[in-house]
Amino acid sequence: MTEHLLQGKSQEWLLESVADATIIFDRTGRIIFANPPVEQLFGYPRQELVGKSIEALLPEHFRQTHRDRIDDYFAKPSARALSTGIELLGLRQDGSEFPMDVSLSPLRLQQELLTMAMLHDTTPRKQAEDALRESEARLRAIFYTAVDGIVTIDECGLIQRFNPAAERLFGYIETEVIGRNVSILMPAPYQEAHDGYLARYLQSGEKKVIGIGREVVGQRKDGTTFPMDLAVSEMRQGERRMFTGTVRDISERKQAEEQRDCLLQELESANEELKNFAYVVSHDLKAPLRAISSLADWLATDYADKLDDEGKEHLRLLTSRVRRMDGLIDGILQYSRVGRVKEAVVAVNLDRVVREVLDSLAPPASITVSIDNPLPTIMSEPTRIQQVFQNLLSNAIKYMDKPAGEIHVACGAEGRHWKFSISDNGPGIKQQHFEKIFQLFQTLAPRDRVESSGVGLALVKKIVEMYGGQIRVDSTVGQGSTFFFTLPRASVTAISTKGTQA
Amino acid sequence: MKVPNKPILLVEDDQVDIMTVNRALKEIHVTNPVVSRENGEDALHYLQDPESEKPCIILLDLNMPIMNGIEFLQIVKHDGQLKRIPVVVLTTSEEQQDKVSSFNLGVAGYMAKPVDYRQFVEVMRSIDAYWTISEMP
């Protein structure tokens, strides 16, 4: 049928219709025919080409060798297909060159032997090949220069590739390990188990390491082991599966971690010791103190008629100092209990807390205490939060020196915190003492005038900070002081300390 | 005390504390004899001796050498003969754990020893008043 259709069509028509550039030339290399795609490929009008030497389409440096090849070809003409044919460079009219694939077919016409050449511009294919080559080179560069060891194994666990970093890491060179089971890189018992892991994965598809990564132990050629991070990825090459393991020596990181854990442990035990120390010391100090107190009392009672006024006064001073020391020890106990003894965290209505504290403090009629705005309900340990208000308010009342005392309690939201303030119009505090007053046992008034253990503000600071808040004071001497403290608005729980259960 | 002739067993290692208890009892006119032992073990020997008269009450310190108060309670409260004798803990310890352990072991009371002697007398007065009113098996 094809033949039937083509009947009557000239050969020239056929050649004109071929999509590839087609040139027919004789044994001298003279072009006899060129089809339209040749025009597009080389940029010449094809009439111009007819009669020219085929070499006009080749770059200068190819021409001589090409001449020889043409001669060879005509001496022994045979068809050469595209791709398996010769790769040449073509020369366009504008002087630019391009790679081309050439297929040759001998044409016998009457007594003359001609050659039909089909030319194919291979620029796009070349580009793709170059790109592939480049990406391979890049991958190879990564493989060879990677800081991490890269080991590739097949489905049987046999090593396929082993990069220089892996060589450094394990002490083997690539040629030593290729084809050997990857389990040589692991110590017992993993060594024996690895084939099983692999088999189980291939069977079940259940991923234990692949795509997850984990810390494992590696074994060097010399038998020493080291901790490493292992990440495994899976590749498919047609039917075959490959596994690529990336390994990193984490000895240093491990060591640092161990060191850090060790330090943390020491710190924790030191802290624990300190907490217990405060408790034990104060506890043991109390027993002899009680004895001193009792003995002083009995002396004063039993020898009342034998003591003169000075002796009685000395015994009275002795007793009062014993009481003061008792107060100090109680203060240390109280201070050490914060964070050591934990209470349940519950919703605490601060409005109620402040009112209860004021009830217990019973301020004199000359002092008015006002709560400027409703106080929030927070999640906290009730005793601790009560201690904060109790100490701040009792200080404000205790040190009040004005005939009409005014104390204000206020609260406002500030970012993620509540900001509380307790201000008074009392004597005020010099700026140089702003820091000192929060230290344990620091008081600004002589103890004989105002009985104070010097624990209150230190306790308040410890509680506020334990809850993640801050405390500071602002004051003008003669006009009064304001204590500001913050507490997180989200659930106030003591996270920073570990303590025994109350 | 309800029974004026039975002894009070005081388990206490501090000599001044023993004097304090004796003096306070005398001051509030408690006439029961006071038998004092300086640790749990000695007190146990006294209680287990058939010769000695069983006390009407035991006043127990917690921090003592050899056998402390809690260890003493663990034995006494598991002894069918001794477990009904009321034990009042007299201690400086305000540790919650000590209070919990003591009450778990069935103590009748837990008193903190005040530093002030006058207050101590009041504590003793309360103990006496209570055990004068309370019936005992």
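Predicted model: local features only at pLDDT ≥ 70, side-chain atom pairs only at ≥ 80, totals over all residues.
Two residues are in contact here if their C-beta atoms, placed from the backbone, lie within 7 Å. Residues are numbered from 1 along each chain as its sequence is written, and chains are lettered from A and ligands numbered from 1 in the order in which they are written.

**Chain B**

- Chain B has five helices and five strands; helices (H or I, at least four residues) and strands (E, at least two) are DSSP runs, numbered from the N terminus.
- Along the sequence, the pattern of chain B reads β-α-β-α-β-α-β-α-β-α.
- Of its 137 residues, 32% count as buried. A residue is buried if 20 or more other C-beta atoms lie within 10 Å of its own, exposed if 12 or fewer, and partly exposed in between, with C-beta atoms placed from the backbone.

**Where A meets B**

- Chain A puts 15 residues into the contact and chain B puts in 11 residues.
- On the chain A side, helix H10 (251–302) and helix H11 (309–337) each supply at least two residues, and H10(A) gives the largest share, 11 residues.
- That side of chain A divides into eight nonpolar, three polar and four charged residues. Ala, Val, Leu, Ile, Met, Phe, Trp, Tyr, Cys and Pro count as nonpolar, Asp, Glu, Lys and Arg as charged, and the others, Gly among them, as polar.

**The antiparallel sheet of chain A**

- Five strands of chain A make an open sheet in the order S7-S6-S10-S9-S8, with antiparallel pairing; two strands pair if DSSP finds at least two bridges between them.
- Strand S7 (159–162) and strand S8 (214–219) of chain A sit at the edges with a single partner strand each, so one side of each has no neighbour in the sheet.
- Neighbouring strands of this sheet are turned by 35 degrees against each other on average, direction ignored. Axes are lines fitted to C-alpha atoms, for helices over the stretch in contact, and angles run from 0 to 180 degrees between N-to-C directions.
- Strands S6 (residues 149–154) and S10 (residues 240–249) of chain A pair over six bridges, and A:Val151 stands opposite A:Gly245 in S10(A).
- A:Arg214 lies in strand S8 of chain A and is exposed, with 11 other C-beta atoms within 10 Å.
- Leaving aside neighbours within four places in sequence, A:Arg214 is in contact with A:Val209 and A:Leu230.

**The mixed sheet of chain A**

- Another open sheet runs S13-S15-S16-S18-S17 (chain A), with mixed pairing.
- Its edges are strand S13 (367–371) and S17 of chain A, each with a single partner strand, and the twist averages 15 degrees from one strand to the next.
- S17(A) and S18(A) run antiparallel, joined by six bridges; A:Thr476 has A:Gly480 in S18(A) as its bridge partner.
- H13(A) packs on this sheet, touching S13, S15, S16 and S18 of chain A, and its direction makes about 15 degrees with that of S16(A).

**Helix H14 of chain A**

- Nine of the 11 residues of H14(A) (residues 456–466) are buried, including A:Leu457, A:Lys461 and A:Lys462.
- Their cover includes H11, helix H13 (382–398), strand S17 (471–476) and strand S18 (480–488) of chain A.
- Just after H14(A), A:Gly468 takes a positive phi of about 85 degrees.
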